[in-house]
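Here is a short tour for anyone opening this structure for the first time. Take a look at the picture, then read on.

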Amino acid sequence: MTRSLRRLAQCTVALAAMAGAAAAWAQTKPPAAPTQPAAGGMRAQLVAVRHAVISSELAAKISQLPVREGQSFRQGETLVAYDCALHRARLERAAQAETAAREKLKVAEQLDKLGSISQSDLVQSRAAVSVAQAESGVERVMVRRCTVTAPFAGRVGETYVRAAEHVAEGKELLSIYDDSAFEVEAIVPSRWMGWLKAGYPMKVTVDETGQTYAATVARIAGAVDPVSQTVKLVGQLGNQRGKNAAPLLPGMSGSVHIDPPAPKP
């Protein structure tokens, strides 16, 4: 009896060990991949379609800075103006020098008709006009740089200088962006590329406004992250400026919702 009980106990222990191993293997086995990707919910960020940081093209004193952070402006409106009395005086001097050179050339051409001037003097007179014209052109460019105008309509993000400050060439003045349209950037599973194409509809829920906006896929990045098996998606949405619509701003975040196509029967 003792030997039989001992064998029975050994069999019981062996069966228990096998059951424990089977349970552990079942827990470590990866779950089966779904046949269809679920609707989205990926985190996203808003980026202005057009934005720029305006830098100074002159070393000069700022005389006017009519716009501040958050203010709107129209295309062609003055954003920054410099005190350019010196550059305007130089332009006036260059213009007078060009006029004098042209008068001398007229006299030289009349003398050439009479045979009373050498060809070298005539060539020098023409060259003097070209040089004076080039110098006045340079000064006109510098005077045009005395006023910084808006390349597009939008809003001011940040200003880095103040009126009456003297800035160096290349100094950042202010950042601007076009608030009429925004792009939304999100990271989605790369397996979605089989059906996710440009123009595909999507929805964007912005945390800051609490509102949901209709958008479309604009483009998909040209590379897939091999580690996470994801790809960058860029969608485009308009800035709905309705009566009750909160304004969209760059840097706002939210979630993207994309419904997969219905499975074919």
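Where is Gln-229 found? Gln-229 is in the loop between strand 12 and strand 13. Before going further, keep in mind that this is a predicted model.

Gln-229 has a relative accessible area of 44%, so it counts as partly exposed.

Ala-164 also has a positive phi, of about 80 degrees, although it is not a glycine. You'll find Ala-164 in the loop between strand 7 and strand 8 (166–167). Is Ala-164 buried or exposed? Ala-164 counts as exposed, because its relative accessibility is 54% and the cut-off for exposed is over 50%. Along the chain, Ala-164 and Tyr-82 are 82 residues apart, yet their C-alpha atoms are separated by 9.0 Å.

## A pair of helices

Now for the helices. Helix 2 covers residues 85–113 and helix 3 covers residues 119–144, and the two pack at an angle of about 160 degrees with their axes 8 Å apart. That angle makes helix 2 roughly antiparallel to helix 3, because anything over 145 degrees falls in that class. The crossing of the two helices is left-handed.

What sort of residues make up the contact of helix 2 with helix 3? Sorted by class, there are 13 nonpolar, five polar and eleven charged residues.

Next up is an open sheet of four strands, in the order 2-9-7-4, with antiparallel pairing. Strand 2 (51–55) and strand 4 (72–73) are at the edges; each has a single partner strand, so one side of each is left without a neighbour in the sheet.

Inside this sheet, strand 7 (residues 154–159) pairs with strand 9 (residues 172–177) in the antiparallel sense, over four bridges. Here Arg-155 stands opposite Tyr-177 in strand 9. Strand 7 also pairs with strand 4, again antiparallel, over two bridges. On that side, the bridge partner of Phe-73 is Gly-154 in strand 7.

## Strand 1 and its partners

Strand 1 is worth a slow look. How many bridges join strand 1 to strand 10? Five bridges do, and the two strands run antiparallel. Leu-46 stands opposite Val-184 in strand 10. Strand 1 also pairs in the antiparallel sense with strand 14 (residues 253–257), over four bridges, and there the bridge partner of Arg-43 is Ser-255.

Met-42, Ala-44, Leu-46 and Ala-48 make up the covered face, while Arg-43, Gln-45 and Val-47 make up the uncovered one.

## The nonpolar cores

Which residues touch the most other members in the largest nonpolar core? Of its 26 residues, these are Val-184, Leu-196, Met-202, Leu-237, Leu-248, Val-256 and Ile-258. The elements giving two or more residues to this core are strand 1 (42–48), strand 10 (181–189), strand 11 (201–206), strand 12 (212–225) and strand 13 (230–238). There is also a second, separate core of 21 residues, and Ile-54, Ile-62, Val-80 and Val-148 are among them.

One last stop is Ala-214, which sits in strand 12. Ala-214 has a relative accessible area of 57%, so it is exposed. Ala-214 and Leu-237 are 23 residues apart in sequence, and their C-alpha atoms are 6.6 Å apart in space.

Key:
Residues are numbered from 1 along each chain as its sequence is written. This is a predicted model: local features need pLDDT of at least 70, side-chain atom pairs count only at pLDDT 80 or more; totals for chains, interfaces and linings use all residues. Side-chain values use heavy atoms; hydrogens and water are left out. Axes are lines fitted to C-alpha atoms, for helices over the stretch in contact, and angles run from 0 to 180 degrees between N-to-C directions. Angles under 35 degrees count as roughly parallel, over 145 as roughly antiparallel, 65 to 115 as roughly perpendicular and the rest as oblique. A crossing is left-handed if the near helix is turned anticlockwise from the far one by less than a right angle, and right-handed if clockwise. Ala, Val, Leu, Ile, Met, Phe, Trp, Tyr, Cys and Pro count as nonpolar, Asp, Glu, Lys and Arg as charged, and the others, Gly among them, as polar. A nonpolar core is a set of buried Ala, Val, Leu, Ile, Met, Phe, Trp, Tyr and Cys residues joined through side-chain atoms within 4.5 Å. Buried means under 20% relative accessible area, exposed over 50%, partly exposed in between (1.4 Å probe, protein chains only). Two strands pair if DSSP finds at least two bridges between them.
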